[in-house]
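Have a look at the sequence and the model, then read on.

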Amino acid sequence: MNFIGIIPARYASTRFPGKPLVDIGGKPMIQRVYEQAKKVLDTVIVATDDERIYNAVKDFGGEVVMTRTDHKCGTDRCLEAYDKYISESPERPAQRSYSDSGLTAEGDPDIIINIQGDEPFIQPEQIQAIMSCFPTEIATLVKPFTSEDTLADLENPNTPKVVFSPDGTARMFSRSVIPYLRGIPKEEWLAQGKHYRHIGMYAYRADILRQITALPQSPLEKAESLEQLRWLENGYQIKVAVCNTYSMGIDTPEDLEQALNKIIQL
């Protein structure tokens, strides 16, 4: 298997426009994400629709491709970037022969890891954990809620929760608290150790990525606004890796202030 990291990076964020280029300790955020991913992966590509981000990546020596502006999600942008990579990279055709599915002539699939462009502190062990799920169709990460979390953290609808079977196969994602511990006071839920937060990193076999981006929105996806529910509703398997490391995402200017404090502490 050949693992390829792709970092979707848009400029026009609703909550924080231009955030891939914000300065964190003397480097644009997208550079910090890229450098963390390169600690594990030989091939890392930034996929953007903005020339400012494209030029910034070029300036620090990273690999970057321009993608369309009309993608609805990072998954779609990853597929376009992957297709451009395997068709335009001059060294790859001489090394490996690819079909439209992303499989080599020898049947060895490429695995695309979708790394969030607003995770400047992503850790190598998180990427290694998601890689360890293969062979499978799709993989993602979860982290247990602990005593350091609060009930407000658990009930936060912006933090999707996950339930999965003993073999590590995801059964449901929700913005609500799952599982609901009937008969146990809410104040005691965290102590039960049965809740997991979803960490929004995905990895897909190239042929599966092509299939899931062609699917129409599903009822559960529309209800929860979680695209992974579309995949489950259509019968795809999502393997989860449990990782105790939690990296900080930058969604708002307030998050950036916390990130700058973290850099100072480091």
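How many of the 10 residues of strand S10 (residues 196-205) are buried? Eight are, so strand S10 is largely enclosed by the rest of the structure. Buried here means under 20% relative accessible area, with exposed over 50% and partly exposed in between (1.4 Å probe, protein chains only). Keep in mind that this is a predicted model: local features need pLDDT of at least 70, side-chain atom pairs count only at pLDDT 80 or more, and totals for chains, interfaces and linings use all residues. Residues are numbered from 1 along each chain as its sequence is written, and side-chain values use heavy atoms, leaving out hydrogens and water.

**Strand S10 and its partners**

- Helices (H or I, at least four residues) and strands (E, at least two) are DSSP runs, numbered from the N terminus; two strands pair if DSSP finds at least two bridges between them.
- Strand S7 (residues 138-144) runs antiparallel to S10, joined by seven bridges, and alanine 139 sits opposite alanine 203 in S10.
- Strand S6 (residues 110-114) pairs with S10 in the antiparallel sense too, over four bridges, with asparagine 114 partnered by tyrosine 202.
- S8 and S10 make an antiparallel pair with two bridges; here lysine 161 has arginine 197 as its bridge partner.

**Aromatic rings**

- The whole structure has seven aromatic pairs, meaning rings of Phe, Tyr and Trp (its six-membered ring) with centres within 6.5 Å; planes under 30 degrees apart count as stacked, over 60 as edge-to-face and the rest as tilted.
- One of them joins tyrosine 34 and phenylalanine 60, whose ring centres are 5.4 Å apart with planes at 65°, so this pair is edge-to-face.
- That pair links distant parts of the chain, 26 residues apart: tyrosine 34 is in helix H1 (residues 29-38), and phenylalanine 60 is in the loop between helix H2 (51-59) and strand S5 (63-66).
- Tyrosine 202 and tryptophan 231 are also edge-to-face, at 5.1 Å centre to centre and 75° between the planes.
- Ring pairs tie Tyr202, Tyr204 and Trp231 into a cluster.

**Cysteines**

- There are zero disulfides (pairs of cysteine sulfur atoms within 2.5 Å).
- Cysteine 133 counts as buried because its relative accessibility is 8%, and cysteine 243 counts as buried at 6%.
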